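Hi there,

Here's the structure I promised to pass on. Have a look at it first, and then read my notes below.

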Amino acid sequence: MNQGKYVFAQVADFLPQRAFDRCVEQYDGNARVRHFTCWNQLQCMMFGQLCCRESLSDLILGINAHRGKTYHLGLGTKITKSNLAKANKNRDWRIFAEFASCMIDLARKTCMTDKDFAVAFDGPVYAFDSTTIDLCLNLFWWAPFRKAKAGIKLHTLYDVRTSIPSLINITDALTHDVNALDFLDYEKGGFYIFDRGYVDFHRLYKINQENAFFIVRAKNSLKFKRMYSLPVDKQSNICSDQIGKLTGFYSLKDYPEKLRRVKFYDEENQQYITVLSNNFELSPVDIALLYRYRWKVEIFFRWIKQHLRIKSFWGTTENAVKIQIYVAIITYTLVSIIKSKLNLDKSTYEMLQILSLSLIDKTPIIELLTNQNYQNVKEQNYNQLKLF
């Protein structure tokens, strides 16, 4: 059914356009627009993400090289550097943030649970962390960070089971990580995993009151009184499993109930790690394993910085930066949805590499992304006569 369609148009067919139109209507994004609509803007930005364009000029140069194909690619007409720059500067970034949320919901429903998830826990499991993106202070003056550097933070709630970010929130780099916990709505029965930067017992107690669970790495200065110890397998990497209460005046006031303290040895990093949790049912081995899953959000940050364009920006305003980041998230979730719906065994990285070289081909996407016999290559026949 996709014969004659460019690969990029086939990729865009997986986008729920009606959902995007509702986001545009909500923020009146197409007001006084004649040609270059919000949908065209989204398509151009996604094209740049998939093609790995480093700058706005680079993106427009690549698009104009195929000017006769832009309509059939879905990019629209009247694509100029000034049109795209004005759109990124003036159109409400919340249009793309809302659509990114729609894509995240669709991806979480579509994508299968990670086969490597080995904990017998039925509820959702999330890892929460942030990453800082450094910017030039002269160009991005609205995002002060240090004396000679600007920056923004991506606070991400990462669904460990599906490898899809559940929530993305962008703040200036000066925002403390622990303040980002105020953005979260906790699901009953869900598990939330944090690093030691999120130790705030008042906020952690809120998770407990919402009937959700948490695991957080304890600080070295933790004041904790053991009430009793639970048995542990000496053959495992678990050092201790204790139940107790906080003893600090303000800590006990913020979290008056019992806590569980598990200490284990991390063989990969060769260090001892102590974590706190309000879950008393899981085994200490499962508690330790769940905390290790927190590294998946770190891998996600590293991946999107390497393979999507969120370190070099195509605009210098706050609005343009947020649009580009949310379009990168839309692109990531779209590739994950395609992978799941077509039941592909390729990694997201491999899919992006193939798509980046094939966007203006007319090969059916299922044929393009399915495994081919790359060893079956016809070599040149050197048995024929040579002129020289």
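To start with a question: how are α3 and α7 oriented to each other? Keep in mind that this is a predicted model. The axes of helix α3 (residues 38-51) and helix α7 (residues 94-110) cross at roughly 70° and come within 12 Å. Angles of 65 to 115 degrees count as roughly perpendicular, so α3 and α7 are roughly perpendicular to each other. Their crossing is right-handed. On the α3 side the contact is made by Cys38, Gln41 and Leu42, and on the α7 side by Ile95, Phe96 and Phe99. Five of these contact residues are nonpolar, one is polar and none is charged.

Now for another partner of α3. Helix α6 (residues 81-90) packs with α3 at an angle of about 105°, and the two axes are 11 Å apart. That angle therefore makes α3 roughly perpendicular to α6. Here Gln41, Cys44 and Met45 come from α3, while α6 brings Leu84, Ala87 and Asn88 to the contact.

The chain has 388 residues, and 50% of them count as buried. If you take contacts between residues at least 6 apart in sequence, 63% join residues at least 24 apart. The accessible surface is about 20,500 Å², with 48% of that belonging to carbon and sulfur atoms.

Cheers

Note on methods. Residues are numbered from 1 along each chain as its sequence is written. This is a predicted model: local features need pLDDT of at least 70, side-chain atom pairs count only at pLDDT 80 or more; totals for chains, interfaces and linings use all residues. Side-chain values use heavy atoms; hydrogens and water are left out. Axes are lines fitted to C-alpha atoms, for helices over the stretch in contact, and angles run from 0 to 180 degrees between N-to-C directions. Helices (H or I, at least four residues) and strands (E, at least two) are DSSP runs, numbered from the N terminus. Angles under 35 degrees count as roughly parallel, over 145 as roughly antiparallel, 65 to 115 as roughly perpendicular and the rest as oblique. A crossing is left-handed if the near helix is turned anticlockwise from the far one by less than a right angle, and right-handed if clockwise. Contact means heavy atoms within 4.5 Å. Ala, Val, Leu, Ile, Met, Phe, Trp, Tyr, Cys and Pro count as nonpolar, Asp, Glu, Lys and Arg as charged, and the others, Gly among them, as polar. Buried means under 20% relative accessible area, exposed over 50%, partly exposed in between (1.4 Å probe, protein chains only). Accessible areas come from the Shrake-Rupley method with a 1.4 Å probe; for residues, only the protein chains shown count as cover.
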